[in-house]
Amino acid sequence: MNLAAIWTVAKKELIDLFRDRKTMALGLFMGPVLIPAMFLGVGALAEKRVRTQLESTLELPVVGAEHAPNLVAFLESRNIDILPPPADPDRAVRDQEHDLVLRIDPEFGEQWRGSRAAKVELVYDSSRQDSQIPVSRVRGVLTEYSRTVGVLRGIHRGISPEVAFAVQIGQRDVATPEARRGMLLAFLPYLLVLFSFLGGAALVIDVTAGERERQSLEPLLATPAPRAAIMSGKILAACLFGMLSLLLIVVSLKLSFQLAPGPMRMVDVSVPVMAQLLLVLLPMVLVGTTLLTLIAASVKSVKEAQSYMSVLMFLPMVPTIVLMVNPVKTQLWQFAVPFLAQNQMILKLVRSEAITAQEWLVYLGAGFGAGLALWLLAARLYHREKLAISA
């Protein structure tokens, strides 16, 4: 193929695109504005929720508080404000009037004085996410109270507190701080893959299906330049535009993480990581543009080409959903599966985990190989005579 012809076509398509300022602005700046705003907003909401529910005074309605004054006093010493009980605790929790209600058994005092297990009950709705932190706080305080009273009972009877613990359990969490921070960015791979996969969709569809409708593709195909070179120039233009948009997204993420509250501020967004991230997304940009070129060359109108977008937008979501429902260990074959491979590579970078040379080789080979296969299929469609004929 003539490289000069490829570059000429690519330059022509980019010039035409940048003349349409609205399309150019939406394509370039929607991702850099939307993604950081989403993470900053989510980070601010998460920090506010933790601060208000963990650090503030917890209001806890207690049914039967008069049966356990010591327990009530212990709860109040842990920054828990005891409220009068509602008439119907179950309904009050179900209607979200309270996150949870503590019900103390009427025989609590008798059981407590008899050194038996005194009964209390937490009434809450596990389907409400807002109740998770309050329930965890109250359960932790009740466990602390139970353990403290149990130890004091043993000491009073001359029994060592260690007798009650047959096994001493130690925990050693080997997760790095970077890996724990990466858990907060579970949807970042999906967003990045989506924008890399469909970042040049408007340009790709317009330069093939759109030009067919405007009847401007036929004069271009009539030139001496090979059709494969013309198609490659259009793909190159879309890839350059997509990579420029991703570069702006990565830069905006760097700035947003520096301004983000809490642990997100510690996410590694150094220049080497940014460069690796762009390299990871490059094969997906190629796969997306070649696939869209293949679709645009096989349909009869722009509307028909755009009808495929809803299905294509769902594809990058599949590995994220699968990994959330059924987490799997990282294996080498995963780096050869489209979308799953990008998800795994981005998670490794976010978690500051080393990517081996073998993983890079499998990933880049499979990614560019898929792009080449789609390019060959699209090139065959570009050699059809009816391609230039508008429907």
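User: What share of the 391 residues in the protein is buried?

Analyst: Buried residues make up 42% of them, where buried means under 20% relative accessible area, exposed over 50% and partly exposed in between, with a 1.4 Å probe and protein chains only. Keep in mind that this is a predicted model: local features need pLDDT of at least 70, side-chain atom pairs count only at pLDDT 80 or more, and totals for chains, interfaces and linings use all residues. Residues are numbered from 1 along each chain as its sequence is written, and side-chain values use heavy atoms, leaving out hydrogens and water.

User: Thanks! How many helices and strands are there?

Analyst: The protein has 17 helices and four strands; these are DSSP runs numbered from the N terminus, with helices (H or I) of at least four residues and strands (E) of at least two.

User: And aromatic pairs, how many?

Analyst: Three, counting rings of Phe, Tyr and Trp (its six-membered ring) with centres within 6.5 Å; planes under 30 degrees apart are stacked, over 60 edge-to-face and the rest tilted. One of them is Phe18 with Phe241, edge-to-face at 6.3 Å centre to centre and 80 degrees between the planes.

User: What does that pair tie together?

Analyst: Phe18 lies in helix H1 (residues 3-19) and Phe241 in helix H11 (residues 227-259), so the pair links parts 223 residues apart in sequence.

User: Is Phe241 buried or exposed?

Analyst: Phe241 is buried, at 5% relative accessible area, while Phe18 counts as partly exposed at 34%.

User: New topic: which residues of H6 are buried?

Analyst: Among them are Ile133, Val141 and Tyr145.
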